[in-house]
Amino acid sequence: SLEKLMEIPEAYDIFRAFLEKTYEHTQLDFWAAARKLAFVEGTEKDDIARDIAVKILGMTEAEAKALSGSKIQRKANEAYKVIANDAFPRFVKAKDCNPVVDLLLGDTSRIDASSGLIWS
């Protein structure tokens with residue numbers, strides 16, 4: 001699953017590199033940063049959310065001032081759904097995923113006809 005993949009730093013980096021090709025990596029960065037909001041409360045949560053809005057979403061400080069941590073989390077959940085339903089399935093079907101499979105299972109070149117069975 002996408003959640004499990006994101007727990008492995010090397011797999012995250014490989015998936016992010018795949019997304020960079022289509023300029024979708026900012027959605028992943030946004031979602032990954034927003035996940036941290038679940039572990040903070042109150043004004044600290046809102047401050048971190050505004051920081052995410054400025055640094056990742058490119059908002060001005062004035063635009064970000066009106067945002068709350070919960071609003072950023074809701075937007076991040078929407079981004080996650082897009083990634084999980086579109087980008088992640090494309091990644092799994094692409095050969096770009098081979099290094100992740102290698103990471104999880106070992107060298108996939110030893111699997112006979114893997115490209116014909118998995119990636120078609």
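**Entry 1: the fold**

A helix here is a DSSP run of H or I with at least four residues, and a strand is a run of E with at least two. I kept in mind that this is a predicted model. With that rule I looked up the elements and found eight helices and zero strands. Read along the sequence, the pattern is α-α-α-α-α-α-α-α.

Next I looked up burial. The protein has 120 residues, and 32% of them count as buried.

**Entry 2: helix α2**

I picked α2, residues 9-20. I checked its length first. Its 12 residues, at 1.5 Å a residue, should span 16 Å, and the end C-alpha atoms are 16 Å apart, so the two agree.

Which residues of α2 are buried? I found Ala11, Tyr12, Phe15, Phe18 and Leu19. I then looked down the axis of α2. The buried residues fall within an arc of 125 degrees, so they line one face of the helix.

What covers these buried residues? The cover includes α1 (2-6), α3 (25-35), α6 and α7 (98-105).

**Entry 3: aromatic rings**

I looked up ring pairs and noted four aromatic pairs in the structure. I took Phe15 and Phe88 as my example. Their ring centres are 5.8 Å apart. Their planes stand at 90 degrees, and over 60 counts as edge-to-face, so this pair is edge-to-face.

Where do the two residues sit? Phe15 is in α2, and Phe88 is in α6 (residues 69-93). They are 73 residues apart, so I noted a link between distant parts of the chain. Phe15 and Phe88 are both buried. I also noted a cluster, in which ring pairs link Phe15, Phe18, Phe88 and Phe91.

**Entry 4: salt bridges**

Side chains of opposite charge can pair when their charged atoms come close. I looked up such pairs and found nine salt bridges.

I began with Glu3 and Arg35. Their closest N and O atoms are 3.6 Å apart. Glu3 is in helix α1 and Arg35 is in helix α3, 32 residues apart, and the pair links distant parts of the chain.

Then I turned to helix α4, residues 42-55. Arg50 forms a salt bridge with Asp47, with the closest N and O atoms 3.2 Å apart. Arg50 and Asp47 are three residues apart in this helix, so about one helical turn separates them. Arg50 is partly exposed at 25% relative accessibility. Asp47 is partly exposed too, with a relative accessible area of 47%.

The side chains of Asp51 and Lys55 meet at 3.4 Å, N to O. Asp51 and Lys55 are four residues apart, so again the separation is about one helical turn. Asp51 is partly exposed, with a relative accessible area of 35%. Lys55 reaches 65%; over 50% is exposed, so Lys55 counts as exposed.

Salt bridges that share partners join Arg16, Glu20 and Asp29.

Note on methods. Residues numbered from 1 in each chain as written. Predicted model: local features only at pLDDT ≥ 70, side-chain atom pairs only at ≥ 80, totals over all residues. Heavy atoms only, no water. Phe/Tyr/Trp six-rings, centres within 6.5 Å; stacked < 30°, edge-to-face > 60°. Buried < 20%, exposed > 50% of the residue type's maximum accessible area, 1.4 Å probe, protein only. Expected span 1.5 Å × (residues − 1). Arc of directions from axis to C-beta. Contact = heavy atoms within 4.5 Å. Salt bridge = Lys/Arg side-chain N within 4 Å of Asp/Glu carboxyl O.
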